[in-house]
Amino acid sequence: MGKLKRLKHIRLHREGTNTLVLCFVGMIVLNAILYFFLPTKIPFYVVAAISIVVYSILVNFFRCPIRIFGQETEGIVVAPADGRVVVIEEVDENEYFHDRRLMVSIFMSLVNVHANWYPVDGTIKKVEHQSGSFMKAWLPKASTENERSMVVIETPEGVEVMARQIAGAMARRIVTYATPGDACYIDEHMGFIKLGSRVDVYLPLGTEILVSLDQRTVGNQTVIAKLK
């Protein structure tokens with residue numbers, strides 16, 4: 001498979017454009033009202049300080065660093081997200097594979113980058129969104145009961161890997177860019193999840209896992225596994 005990659009050179013993710021613009025305008029209007037129409041400036045200073053902190057958190061949340069893996073990708077599985085490894089176990093996967101798989105789950109906190117990357121090079125075989133609940137993302141049941149999007153990728157060697165984006169207690173919107181039949185590459189964005197959530201990667205049994213529980217991952221940089 002060729003190595004031409006559609007790199008997305010984005011500093012702030014496009015999914016945050018409307019949110020950031022609306023919040024900025026709203027904060028400017030609110031602070032202007034407090035500054036010009038209240039007899040004392042103390043409320044203005046307090047609200048202005050809070051506004052700066054809140055807006056800084058939003059900007060941090062929607063940041064999208066430019067990352068290039070820069071290594072050979074054959075048989076390599078990279079972390080699809082920034083965060084912390086919360087599950088490494090053998091599970092029954094009954095929505096697509098209907099067999100036993102190794103699952104590696106990465107939990108994203110509010111302070112992590114929330115862009116998601118493709119974990120492997122390959123061809124997109126299936127994309128499916130399923131509605132569900134919004135329980136806390138680190139709970140085991142979240143993988144099968146929360147709102148989620150499934151992306152199945154077949155590598156050039158014919159190995160199928162699934163990445164599942166999972167909504168959390170606060171995450172109410174999952175964005176998935178994958179389209180069945182398209183080629184996909186490490187370095188490309190698979191999607192985005194707003195607020196705390198997680199991404200599960202399902203791998204064939206016998207895959208060599210290269211991360212450990214509670215290990216911090218960097219999306220598109222940390223190698224989490226090596227396929228047989």
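Colleague: What should I know before reading the labels?

Modeller: This is a predicted model, so local features need pLDDT of at least 70 and side-chain atom pairs count only at pLDDT 80 or more, while totals for chains, interfaces and linings use all residues. Residues are numbered from 1 along each chain as its sequence is written, and side-chain values use heavy atoms, with hydrogens and water left out.

Colleague: Why is Phe 36 called exposed?

Modeller: Exposed means over 50% relative accessible area, buried under 20%, and partly exposed in between, with a 1.4 Å probe and protein chains only. Phe 36 has a relative accessible area of 63%, so Phe 36 is exposed. Phe 36 sits in helix 1 (residues 17-37); helices are DSSP runs of H or I with at least four residues, strands are E runs of at least two, and both are numbered from the N terminus.

Colleague: What makes the largest nonpolar core a core?

Modeller: A core is a set of buried Ala, Val, Leu, Ile, Met, Phe, Trp, Tyr and Cys residues joined through side-chain atoms within 4.5 Å. The largest has 29 residues, and Val 77, Tyr 118 and Val 161 are among those with the most contacts inside it. Strand 3 gives the largest share, 4 residues.

Colleague: How do you know that strand 7 is largely enclosed?

Modeller: Of its 8 residues, 7 are buried, so strand 7 is largely enclosed by the rest of the structure.

Colleague: How do you know which strands pair with strand 7?

Modeller: Two strands pair if DSSP finds at least two bridges between them. Strand 6 and strand 7 are joined by 7 bridges and run antiparallel, and strand 7 pairs with strand 11 in the antiparallel sense over 6 bridges. Both counts therefore meet the cut-off.

Colleague: Why are strand 9 and strand 13 said to stand at the edges?

Modeller: The open sheet has 8 strands in the order 9-5-6-7-11-3-2-13. Strand 9 (183-184) and strand 13 (216-217) each have a single partner strand, so one side of each is left without a neighbour in the sheet.
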